Amino acid sequence: MDFERAFDTLGLPLGASEQDVESAYRRLCDDFDARIGRVTSLALRDRYAAARAELEGARAIALQAAKLQRPQGEAPGARAWAVLGLAVGASPLEVASAYVSLCEELDRELAAAPTDALRHRCLEARAEIDSAYQWCAATPLAVEPTGAGAASAGYETQVARATFEAPPAEPPAASPALVRILADPDPHPRARARRPRRRPMRRLALATSLLLFAAGGSLGYVWWTEPERLHQLTRYLPLPPDPELVEAQTGAEYLRRRVAEERHDIQQRAEEASERVARLQAEPAPSAAGALAARARSEDTLEQAQARSSLAQHLLELTERHIFSSNALAEAYGRMELAAELAGAGKINRAVAAYSEARANLEATLASLEQAESALGARYEAVDARDAWVALAKSAGLEPSNAVLEGGQRLAAADSLLEAGNFAAAVPELRQASQNFRTAIDDGRHELAARRAQFEAERKTQRPREEPHPLARAAPEDASADAPLPPVSAMDRADVKLVTAMDRADVKLVTIPAGSFVYGCDAGAGGECPASEAPGQRTELAAFQIDRTEVRVSEYRRCVEEGACAAPAVASGCNWNAPGRGDHPINCIDWDQAAAYCGWVGKRLPTEQEWEKAARGTDGRIYPWGNDGPSCDVAVMTTASGAGCGESSTAPVASRDRGRSPYGLFDMAGNVYEWTGSFYDSSGVARVLRGGSWKNDSAAIRTSHREGALPNLRDASVGFRCAQGALVAETRAR
């Protein structure tokens with residue numbers, strides 16, 4: 001890294017002072033540490049860690065450049081003399097003595113430091129003392145005397161003057177006796193006794209020479225008899241820490257701390273989930289008034305809490321067994337200890353290599369943690385899809401298809417891979433199993449639609465059917481799913497609860513728990529906030545349910561076929577009549593059509609606040625997946641180059657698995673804008689659109705971004721999803 005890049009990394013102009021370098025370095029370190037602690041995305045934390053590691057090298061290079069380019073008018077050696085605790089112009093012997101004493105003190109402090117951060121501060125102090133020693137030791141040689149007095153000259157200059165130049169003799173005062181003697185023509189006057197001149201500098205030079213000669217002889221004897229002892233003494237030489245060693249050590253220490261934090265987070269999540277289950281189980285039973293509905297809600301909440309607790313506990317067990325107790329992590333810690341010993345012994349190259357190996361193992365550990373979380377999330381989706389199919393099959397008497405059998409086999413195989421710790425191989429198996437169960441659900445819905453059409457045709461002809469009807473529900477709740485359904489005739493259909501559109505759509509609902517969340521734009525996290533967005537603040541919201549995915553073309557088509565919904569517009573970019581777009585989101589529909597479909601399935605359009613909480617969770621993140629910038633891997637959008645991620649159109653629903661929200665919702669950013677039930681402003685005409693679309697860039701797919709549109713808008717970039725639950729009065733749909 002050159003000087004220009006070092007100053008650019010610190011955000012300073014070339015030639016900044018040492019104080020500016022230190023101030024910028026501290027500020028950036030605090031900023032990066034705060035960002036690393038705040039973000040939840042592993043990808044963003046890795047990038048912040050890399051940038052944090054570069055600050056060390058940039059600081060060292062910038063400090064060297066600042067010393068070489070010190071501005072005029074500043075006392076160049078004032079800081080150096082103050083660091084060594086000496087007065088300006090002290091002798092080399094005093095400089096060396098002060099330097100050795102400070103090095104011994106720092107070694108004791110370094111050995112007694114309880115934390116890595118304090119040890120790092122000790123190393124920084126050692127580097128500054130080394131620089132101060134180099135400056136003070138070289139100052140007497142570099143400074144030329146500018147005055148006539150010996151006080152401003154260097155040490156060697158003073159010794160030379162005291163040794164080879166006699167001080168000027170003071171002229172004696174004129175006296176009558178001296179005048180008489182000088183005037184006496186006697187050729188042999190008596191010599192007058194003179195006082196001997198004192199030469200303190202000559203004595204000091206002689207003492208210093210003897211001391212240096214003795215020290216050199218001692219070092220030579222030690223080198224000849226005990227070379228290891230001499231090697232230990234070289235630790236006190238004024239050598240600055242190697243930048244490569246500092247970078248390797250800082251990176252390894254940061255990754256080690258990251259692993260420890262991830263382990264603590266996993267344990268804390270498991271404990272909090274278990275405590276929540278215990279609290280829900282300990283809650284008293286609801287009163288008689290409204291006991292049935294309250295008991296149902298309580299059971300649903302407890303069931304969801306138990307599922308989350310099971311997932312968190314499963315993740316804790318797998319990571320403790322296969323990651324935190326692995327040989328790779330133990331080897332990484334061992335390499336770091338070895339590297340510290342090698343660095344203390346002066347073996348810099350071997351220490352850097354050991355730190356690099358430790359960093360590689362720690363990075364592999366973090367990658368394994370990410371794979372484990374992805375695998376457990378994929379398993380949660382697969383199990384959720386399987387349970388949805390089981391509920392649908394139990395309500396309608398469906399038989400398992402080949403897709404269900406294959407999904408069960410893949411789920412069992414994935415569980416075996418998870419138990420063996422092979423998380424990377426388990427993820428594709430789990431995703432395929434989830435897809436198989438979703439395919440089975442779609443096939444089951446088609447079969448139910450066909451049965452219902454047949455039943456309606458038979459009802460119109462008034463032909464009785466005595467055989468068991470396939471749309472009848474199993475009456476007793478505790479009956480086995482394999483028990484045969486009772487015979488139901490067409491005349492007795494009034495006593496049979498048919499599978500309604502709401503029953504078919506229930507498998508998509510995700511429960512969003514009650515509580516507060518950050519509603520609006522957070523200027524500190526997301527940059528400047530437009531005037532159309534509310535300022536970020538904590539808002540309380542009751543529990544509700546919302547669809548996991550946007551409404552597909554195939555789902556909306558069934559509503560049109562049953563005469564409950566109007567057909568969408570047909571234009572360029574619309575998915576309604578486009579071949580092969582059944583899994584794409586329905587678009588080109590207005591607000592009334594979206595509200596009609598949600599009412600047909602027993603739901604409604606979500607409010608603006610409900611949509612935002614489902615998209616960003618409770619931590620105020622900028623995007624559904626976190627604070628990391630968007631890309632085509634997480635959202636269907638338009639990139640900075642103008643190219644569309646979906647090739648100038650929408651993409652299939654739930655095609656961006658990595659872009660899910662904290663509650664597991666797909667496509668909350670990009671693909672299509674989504675209608676909500678809230679008004680855009682006080683005029684009470686325009687409605688709010690949320691989420692951005694395939695036509696928009698990164699600014700429009702933020703979770704706090706909002707757009708207003710007239711209810712009759714039909715555009716290829718607009719779709720919707722449905723919600724369920726109590727509505728607040730001011731956000732009630734018209």
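The structure holds 7 aromatic pairs, where rings of Phe, Tyr and Trp (its six-membered ring) pair if their centres lie within 6.5 Å, and planes under 30 degrees apart count as stacked, over 60 as edge-to-face and the rest as tilted. One of them is the tilted pair of Y597 and W600, at 5.8 Å centre to centre and 50° between the planes. The structure also holds 4 disulfides, a disulfide being a pair of cysteine sulfur atoms within 2.5 Å.

Before going further, please keep in mind that this is a predicted model: local features need pLDDT of at least 70, side-chain atom pairs count only at pLDDT 80 or more, and totals for chains, interfaces and linings use all residues. Residues are numbered from 1 along each chain as its sequence is written, and side-chain values use heavy atoms, with hydrogens and water left out.

**Aromatic rings**

- Y597 and W600 both lie in helix α20, 3 residues apart, about one turn of the helix; helices (H or I, at least four residues) and strands (E, at least two) are DSSP runs, numbered from the N terminus.
- An α-helix has 3.6 residues a turn, so residues three or four places apart point the same way.
- Y597 also forms an edge-to-face pair with F720, at 5.7 Å centre to centre and 70° between the planes.
- This second pair links distant parts of the chain, with Y597 in helix α20 and F720 in the loop between β8 (718-719) and β9 (723-724), 123 residues apart.
- Is Y597 buried or exposed? Y597 is buried because its relative accessible area is 6%, and buried means under 20% relative accessible area, exposed over 50%, partly exposed in between (1.4 Å probe, protein chains only).
- W600 has 19% relative accessibility, so W600 counts as buried too.
- Which residues do ring pairs link into a cluster? They are Y556, W576, Y597, W600 and F720.

**Charges over rings**

- R557 lies over the face of W576, at 4.5 Å from the ring centre; a charge sits over a ring if NZ of Lys or CZ of Arg is within 6 Å of the ring centre and within 35 degrees of the ring normal.
- R687 lies over the face of W591, at 4.1 Å from the ring centre.
- W591 belongs to helix α20 (residues 591-600) and is buried, with a relative accessible area of 1%.

- Helix α19 (residues 553-561) has buried residues V553, E555, Y556, R558 and C559.
- G563 follows α19, and its phi is positive, near 80°.
- In the loop between α19 and α20 you will find P568, which is buried at a relative accessible area of 7%.
- Leaving aside neighbours within four places in sequence, P568 is in contact (heavy atoms within 4.5 Å) with residues including Y556, W576, C588 and R714.

**Disulfides**

- A disulfide is a covalent bond between the sulfur atoms of two cysteines.
- C559 is joined to C565, S to S 1.8 Å, and the torsion about the S-S bond is about 75°, so this disulfide is right-handed.
- C574 and C588 form a disulfide with their sulfur atoms 1.9 Å apart, and this link is left-handed, with -95° about the S-S bond.
- Both C574 and C588 lie in the loop between α19 and α20, so the pair ties together parts that are 14 residues apart in sequence.
- C598 is joined to C722, S to S 2.1 Å, and this link is left-handed, with -85° about the S-S bond.
- C598 in helix α20 and C722 in the loop between β8 and β9 are 124 residues apart, so to speak distant parts of the chain that the pair links.**The sheet**

- 4 strands form an open sheet in the order β7-β6-β5-β8, and the pairing is mixed; two strands pair if DSSP finds at least two bridges between them.
- The edge strands are β7 (706-709) and β8, each pairing on one side only.
- Strand β5 (residues 673-679) is mostly covered, with 6 of its 7 residues buried.
- β5 and β8 run parallel and are joined by 2 bridges, and Y673 stands opposite V718 in β8.
- β5 and β6 (residues 687-690) run antiparallel and are joined by 3 bridges.
- In β6, R687 is the bridge partner of F679, and R690 stands opposite E674.
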